[in-house]
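Please open the model in your viewer and keep the sequence panel beside it. The tour below goes from one selection to the next and says what is to be found at each stop.

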Amino acid sequence: MRHQTLLIYSTVDGHTRHICERMKFVMTAMGQQVTLMPLDQAQSLNLDKFERVVIGASIRYGKHRPQVAAFITKNQSTLESKACALFSVNIVARKPEKNQPHTNPYMIKLLKQLGWQPHLLGVFAGRLDYPALGYIDRQMIRFIMAITKGPTDPKAVVEFTDWTQVEAFAHQVCALPVPGEPTALG
């Protein structure tokens, strides 16, 4: 069955949007109708026409953007009536011990803050593009990377994203049961 899926993203440098674009490609190929938009445009959107809602949010300096929590809090009752997924994009997820929703400190912190539990959670490692950063951000992130044993070359562009994992998540979103729709079991 063809479902309307809303795919919303909050991004600082554009990589979360890129991940959402890949997910949209996969989901569309599976026969789903997908609307992709940035979180700021989704703020005034009526969510009622969508059966599924997916929210992707990036991290900068250890925090999701405040608009993510504000959107979820504002729409929580509507989101709870839909099949929902939430994923976080962060460089910490490059580490195997922090690349799952239950082991990623940023996802854990966000869920605790929200008091909301979507049906599906994901965590993806992001992209580090030193040349695209301003001087202060580049130095701050290099310092953080030095502490966490990550790349520090100011000319480095490193993509940590596991695209197979992103595509598998898109498949999982398409498999989410839509509330009120009969399942194969019943």
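Begin by selecting Met107, which lies in helix α4 (residues 105-114); helices here are DSSP runs of H or I with at least four residues, strands are DSSP runs of E with at least two, and both are numbered from the N terminus. This is a predicted model, in which local features need pLDDT of at least 70 and side-chain atom pairs count only at pLDDT 80 or more, whereas totals for chains, interfaces and linings use all residues. Residues are numbered from 1 along each chain as its sequence is written, and side-chain values use heavy atoms, with hydrogens and water left out.

**Around Met107**

With a relative accessible area of 0%, Met107 is buried; buried means under 20% relative accessible area, exposed means over 50%, and partly exposed is what lies in between, for a 1.4 Å probe and protein chains only. Now display the surroundings of Met107: apart from its neighbours within four places in sequence, this residue is in contact with Leu86, Phe87, Ser88, Pro101, Leu121, Gly122 and Val123, where contact means heavy atoms within 4.5 Å. If you draw a distance from Met107 to Leu86, the C-alpha atoms are separated by 9.2 Å, although the two residues are 21 residues apart along the chain.

**The aromatic rings**

Stay with Phe87, one of the contacts of Met107, and turn to the aromatic side chains, for which a search of the whole structure finds 3 aromatic pairs. Rings of Phe, Tyr and Trp (its six-membered ring) pair if their centres lie within 6.5 Å, and planes under 30 degrees apart count as stacked, over 60 as edge-to-face and the rest as tilted. Phe87 and Phe169 form an edge-to-face pair, at 5.8 Å centre to centre and with 75 degrees between the planes. This pair links distant parts of the chain, since Phe87 sits in strand β5 (residues 83-90) and Phe169 in helix α6 (residues 163-175), 82 residues apart. Phe87 counts as buried at 1% relative accessibility, and Phe169 counts as buried at 3%.

Phe124 is buried, with a relative accessible area of 2%, and Phe87, Phe124 and Phe169 form one aromatic cluster.

**Strand β1 and its partners**

Next, select strand β1 (residues 4-10), which is mostly covered, as 6 of its 7 residues are buried. Strand β1 is joined by 6 bridges to strand β2 (residues 33-38), and the two run parallel; strands pair if DSSP finds at least two bridges between them. Ile8 has Met37 in β2 as its bridge partner.

**Helix α5 and its two sides**

Which residues of α5 are buried? Colour Arg138, Ile141 and Met145, which are the buried residues of this helix. Seen down the axis of α5, these buried residues fall within an arc of 75 degrees, so they line one face of the helix; the arc is that of the directions from the helix axis to the C-beta atoms. Their cover includes β3 (52-60) and β7 (127-129), while on the other side of α5 the residues Tyr135, Ile136, Phe143, Ala146 and Ile147 are exposed.

**Two positive phi angles**

Just after α5 comes Lys149, with a positive phi of about 60 degrees. Lys149 lies in the loop between α5 and β8 (157-159) and is exposed, with a relative accessible area of 76%. Finish at Tyr61, which has a positive phi of about 55 degrees although it is not a glycine. Tyr61 is in the loop between β3 and β4 (63-64) and is partly exposed, with a relative accessible area of 38%.
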